[in-house]
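Please look at the structure first.

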Amino acid sequence: MSAMQSVETDRRQNLFHFTRRPQPMVDRADGIYLWDKSGRRYIDGSSGAVNVNVGHGNRNVIDAMKWQLDRVSFAYIFQFENEQAIELARGLADRLPNGLDRIYFVSGGSEAVEACVKLARQWAVATGQDKRWKTIGRMPSYHGITLGTLAVTGDDVLTKTFDPVGRPMPLVPAPFVHRDHDNLSIEQRGVRYANMLEEKILEEGPESVLAFIMEPIGGAATAALVPPDSYFPRIREICDRYGILLIHDEVMTGIGRTGKFLGGDHWACRPDIVALSKGLSSGYAPLGALAATQRIVGPVVEAGGFLHGHTYGGNPVACAAGVAVLGEVDRLGLTENSAAMGEVLRSELETLSGRFPFIADVRGKGLFMGAELYADPVARTPLPQSLNANLRLIDLAFERGLIIYSRRVRGGPVSDNFMVCPPLITTREQIGEIIAVLGDALETLAAELDLPVGR
Ligand code: PMP
């Protein structure tokens with residue numbers, strides 16, 4: 001048996017991570033590229049899982065982590081303070097809007113979202129509002145894969161099996177305003193979707209509703225769905241009217257990804273609690289955080305403290321990565337680069353949609369761009385789901401050395417989408433490279449599925 005065969009046998013016997021197809025063995029990575037063991041190069045057009053914001057192989061992040069490893073690799077957060085966690089909390093508080101300056105560290109996105117929901121619930125109890133326990137989410141949406149986060153996630157397939165164990169929460173439709181056929185303007189539709197939250201609150205009984213959770217710009221489930229400007233103030237108004245907390249899941253959209261520090265900063269949003277992860281450590285260590293205002297944290301601390309805590313919460317090496325990542329985001333002007341290169345990417349994707357008319361609804365902000373594949377883009381008729389067109393597209397791109405991001409959405413409007421979200425260090429020339437390979441993959445997809453091609 002060859003060395004590769006034996007690795008494959010071990011993998012099959014011992015690992016059971018779900019994969020759709022055999023995957024190459026990764027060897028090394030640098031900047032926006034990864035290489036496999038055979039020497040093939042891949043452009044990381046998805047930043048991994050939309051998390052490698054500062055790019056691969058960043059020397060300053062690696063050195064900061066090495067320094068910390070040499071000093072102290074682990075000190076339990078319930079036994080010692082560590083400077084890295086304190087510095088990272090301060091760095092976040094300085095960059096976050098509207099008094100979101102109380103920070104709590106965890107190890108990932110699902111953990112961050114669960115901690116947000118738990119903090120909200122403890123705030124309700126600490127302020128004599130015990131009856132409030134429901135967190136309303138959106139359909140479709142993605143907030144994580146643990147029992148607590150699946151309860152607020154809108155995905156029929158992911159949640160169905162676990163509904164009896166978790167406790168599914170009420171959901172309102174995500175604002176797919178561009179799909180609606182009515183006489184309303186986009187902004188009027190934004191208000192209409194926000195009003196669905198109020199209707200749901202009244203249906204559930206306002207006294208029982210604790211919080212509303214949303215991704216300010218949709219991620220995995222909605223491929224960079226950007227709500228109309230009118231949506232955000234109306235959501236805040238409704239939350240305020242009924243005394244409901246607003247939780248923003250910025251796990252994917254945070255840390256410069258969309259061309260602002262937070263996705264919600266495009267609309268000067270005022271969430272009460274925010275979940276962060278992914279770009280916060282840019283993949284150099286498992287790390288997540290919640291940020292909340294003193295209005296929420298104060299009563300919880302006074303009532304005895306947050307009933308929470310993971311072994312690895314505030315891990316000094318993970319926090320050292322986070323401190324260095326924030327430093328690199330500033331030093332390299334990555335938020336600004338994301339905004340500027342995002343516009344280049346948008347215009348290139350729009351050109352592709354002219355060449356391949358089955359692509360429409362190019363959307364997003366910064367290097368957080370998505371688009372849809374349609375049978376008829378004018379009527380917005382979906383492609384037959386049996387074609388698995390978006391999954392086929394990501395495979396064709398992968399074979400050509402380009403990684404893009406896509407998930408099959410199950411629940412809510414059918415969406416054959418894909419996302420292009422390269423690291424925030426991406427240059428104009430590299431966007432050209434991405435688009436050339438994507439164009440080639442789309443050409444093959446069109447031929448295989450007999451889809452129309454323009455000039
Ligand atoms: N929230 C959002 C918006 C996400 O995109 C993700 C991950 N895709 C999560 C939560 C869960 O994060 P993790 O995979 O680190 O648990």
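With 23 C-beta neighbours inside 10 Å, Val50 counts as buried; a residue is buried if 20 or more other C-beta atoms, placed from the backbone, lie within 10 Å of its own. This is a predicted model, in which local features need pLDDT of at least 70, side-chain atom pairs count only at pLDDT 80 or more, and totals for chains, interfaces and linings use all residues. Residues are numbered from 1 along each chain as its sequence is written.

Val50 lies in helix 2 (residues 47-50). Ile255, in the loop between strand 8 (245-249) and strand 9 (273-276), is buried too, with 30 other C-beta atoms within 10 Å. Helices (H or I, at least four residues) and strands (E, at least two) are DSSP runs, numbered from the N terminus.

Both residues have a positive phi:

| Residue | Phi |
|---|---|
| Val50 | near 55 degrees |
| Ile255 | near 60 degrees |

Most residues other than glycine have a negative phi, and most peptide bonds are trans. A cis peptide bond, with omega about -5 degrees, joins Met139 and Pro140. Pro140 sits in the loop between strand 5 (134-139) and helix 6 (147-150).

Helix 12 (residues 334-355) has 22 residues, which at 1.5 Å a residue should span 32 Å; its end C-alpha atoms are 30 Å apart, which agrees. The expected span is 1.5 Å times one less than the number of residues. Among the buried residues of helix 12 are Leu334, Asn337 and Glu348.

Terms used:
Buried ≥ 20, exposed ≤ 12 C-beta atoms within 10 Å, placed from the backbone.
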